[in-house]
Amino acid sequence: MSKNDPVTVTTATRTDAQCAAAVQLARDAAREVGGEFVGDPLGMRGEGERLVTHLFASTQPGYRGWHWSVTVARAPRAKVVTVSEIALLPGDGAVLAPAWLPWSERLRPGDLGVGDLIPTAPDDDRLAPSYVLSDDEGQPENDLGIGYGRVRVLSRLGRDELSDRWYDSEAGPESPMAKAAPAHCMSCGFYVALSGALGRIFGACSNAFAPDDGRIVSADHGCGAHSEALVEAVPIGIVPPVVLDDGELELVSTAAHEPGSVEDGAETEPFGHG
Ligand code: SF4
């Protein structure tokens, strides 16, 4: 063929007969990698000119639905078929790991361990720069002056999200504990309301005997340790000790009248002789 001969590009490819016949070669190659877990042939696929892929079942436990894929090739005008590639690939119905997610989307509450750090994105929309205020009149961040308070504060979106989360949690009004409670936290002496807008519906429980001690509870949550649920009565029969308050003593005369003669018509007094 001279330099100027036209070049014909063939797009349609036929399965090469010698590559297609190289099933045993492909299987032996797969067994070098997969050993006894290379199963029966599943078929073949023409990939291009003198390029064929043979497929074999995988019998390896844990790889159900996977198959061995061995691609063989032959050089132009060569009679020898060689192995190009061996891979274990998932087929339809293969058990696969979940799709990869960045760590920020995989992270779940409770994943943070001692010493771990979780970066907060600069544009996290749960936060707003404190110099634009937090949209919460109860949290006047700029009282301290720009640069002295917190750099960022909760945004309205951040407050809305946490309100939903807390209200729907076990510390909200729908938990079994709250439904069985004799009264709501709102009327409990151990309820310490939060400051700012969140204080309208949330506070902290400060009762050491309550399951939510030290946690945020909604005002309409409640539990059996409510301060007024059972007020201990003073047992009958036990008289409280008498307290003598000197400051409250009032001195009174035991005589019915000033010393001296009894006035006319007044009742005479006994002399103590019975
Ligand atoms: S003791 Fe019970 S009712 Fe009182 S604040 Fe705590 S959770 Fe609410």
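Select R77, which lies in the loop between β3 and β4 (81-90); helices (H or I, at least four residues) and strands (E, at least two) are DSSP runs, numbered from the N terminus. R77 has a positive phi of about 65° although it is not a glycine. Most residues other than glycine have a negative phi. Is R77 buried or exposed? R77 counts as exposed because 6 other C-beta atoms lie within 10 Å. The cut-offs are these: a residue is buried if 20 or more other C-beta atoms lie within 10 Å of its own, exposed if 12 or fewer, and partly exposed in between, with C-beta atoms placed from the backbone.

Before going further, note how the model is to be read. This is a predicted model, in which local features need pLDDT of at least 70 and side-chain atom pairs count only at pLDDT 80 or more, while totals for chains, interfaces and linings use all residues. Residues are numbered from 1 along each chain as its sequence is written.

Colour the chain by pLDDT, the predictor's confidence in each residue, from 0 to 100. The average over the chain is 83, and 76% of the residues score at least 70. Now select residues 1-12, where the pLDDT is below 50. Beyond near neighbours in sequence, this stretch has zero contacts in the model; two residues are in contact if their C-beta atoms, placed from the backbone, lie within 7 Å.

Switch to a cartoon view of the whole chain. It has five helices and nine strands, and along the sequence they follow the pattern α-α-β-β-β-β-α-β-β-α-α-β-β-β. Of the 274 residues in the chain, 18% are buried. Among contacts between residues at least 6 apart in sequence, 50% join residues at least 24 apart.

V38 stands opposite S58 in β2, and G46 has V52 of β2 as its bridge partner.

The two strands form a hairpin with two residues between them. Click on R50, in the loop between β1 and β2. The phi of R50 is near 55°, a positive value in a residue other than glycine. R50 counts as buried because it has 21 C-beta neighbours inside 10 Å.

Now move to A30, in helix α2. A30 counts as buried because it has 25 C-beta neighbours inside 10 Å. What is A30 in contact with, leaving aside its neighbours within four places in sequence? The partners are V38, F56, W68, V70 and I86. For a distance check, pick the C-alpha atoms of A30 and H54: they are 9.9 Å apart in space and 24 residues apart in sequence.

Show the ligand next. It is surrounded by 14 residues, the closest being C185, C188, C205, N207 and C223; a residue is near a molecule if its C-beta atom, placed from the backbone, lies within 6 Å of it. By class, this shell has nine nonpolar, four polar and one charged residues. For that count, Ala, Val, Leu, Ile, Met, Phe, Trp, Tyr, Cys and Pro are nonpolar, Asp, Glu, Lys and Arg are charged, and the others, Gly among them, are polar.

The last stop is S227, in the segment after β9 (216-218). S227 counts as partly exposed because it has 15 C-beta neighbours inside 10 Å. Leaving aside its neighbours within four places in sequence, S227 is in contact with C188, G189 and F190. The C-alpha atoms of S227 and S187 are separated by 8.3 Å, with the two residues 40 apart along the chain.

Conventions
Pairing = 2+ DSSP bridges.
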